[in-house]
Amino acid sequence: MKGRINNKLGEIQISADVIALYAGMTAVECFGIVGMAAVSMKDGLVKLLKRESLTHGINVEVQDNHIKLDFHVIVAYGVSICTVSDNLIASVKYKVEAFTGMEVDKINVYVEGVRVID
């Protein structure tokens, strides 16, 4: 689904993939986030996604110009998951709303793993 914004000159359509990519780039900049995770439903395995594949760890739903985001992340070992998640939600909500002009209604964070950072 695409987000639609009408202005006096016409209509702007924003693809869910564009929103996912922007949200993913914002998420990996947050402290304590190692990266996005891809979960294999068949094996139940979790793998860390490369920077080029950020959109695979994010699900975006757009309805009536309201956005719902689901993040599957891997966090750094030794950090507070609650604090990292709150920071992620606040950063992504602010930046995605400013970027798209649409309202972010809900952000779910699924912590799929923990990694030690060198």
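Predicted model: local features only at pLDDT ≥ 70, side-chain atom pairs only at ≥ 80, totals over all residues.
**Cysteines**

Cys30 is another matter: I have it as buried, at 6% relative accessibility. I then searched the whole structure for disulfides and found zero.

**Core**

Next I turned to the inside. In soluble globular proteins, nonpolar side chains tend to be buried together. The largest nonpolar core here has 26 residues. Which of them touch the most other members? I noted Ile19, Val60, Ile67, Leu69, Phe71 and Val92. I also checked where the core residues come from. At least two each are supplied by α1, β3 (33-39), β5 (58-63), β6 (66-76), α2 and β7. Helix α1 gives the largest share, six residues.

**Aromatic pair**

I found one aromatic pair in the structure. Its partners are Tyr22 and Phe99, and they are stacked. I wrote down 4.0 Å centre to centre and 10 degrees between the planes. Tyr22 sits in helix α1 (residues 16-28) and Phe99 in helix α2 (residues 81-100), so the pair ties together parts 77 residues apart in sequence. Is Tyr22 buried or partly exposed? It is partly exposed, at 24% relative accessible area. Phe99 also counts as partly exposed, at 41%.

**Salt bridges**

Side chains of opposite charge can pair when their charged atoms come close. I counted four salt bridges.

One of them joins Lys95 and Glu29, with the closest N and O atoms 3.6 Å apart. Lys95 is in helix α2 and Glu29 in the loop between α1 and β3, so this pair links distant parts of the chain, 66 residues apart. I have Lys95 as partly exposed, at 31%, and Glu29 as exposed, at 55%.

Then I followed Lys68. It forms a salt bridge with Glu61, closest N and O atoms 3.7 Å apart. Lys68 also meets Asp70 in a salt bridge, at 3.8 Å from N to O. Asp70 is buried, at 11%.

**Surface patch**

Last, I looked at the outside. Tyr77, Ile81, Val111, Val114 and Val116 make a nonpolar surface patch of about 500 Å². I placed Val116 in the segment after β7 (103-115). Val116 counts as exposed, at 62% relative accessibility.

How values were computed:
Residues numbered from 1 in each chain as written. Heavy atoms only, no water. Patch = residues over 30% accessible without salt bridge, like charges linked within 9 Å, V, L, I, M, F, W, Y side chains within 5 Å. Areas by Shrake-Rupley, 256 points an atom, 1.4 Å probe, with all protein chains shown as cover. Salt bridge = Lys/Arg side-chain N within 4 Å of Asp/Glu carboxyl O. Helix = DSSP H or I, 4+ residues; strand = E, 2+ residues; numbered from the N terminus. Buried < 20%, exposed > 50% of the residue type's maximum accessible area, 1.4 Å probe, protein only. Phe/Tyr/Trp six-rings, centres within 6.5 Å; stacked < 30°, edge-to-face > 60°. Disulfide = S-S within 2.5 Å. Core = buried A, V, L, I, M, F, W, Y, C linked by side-chain atoms within 4.5 Å.
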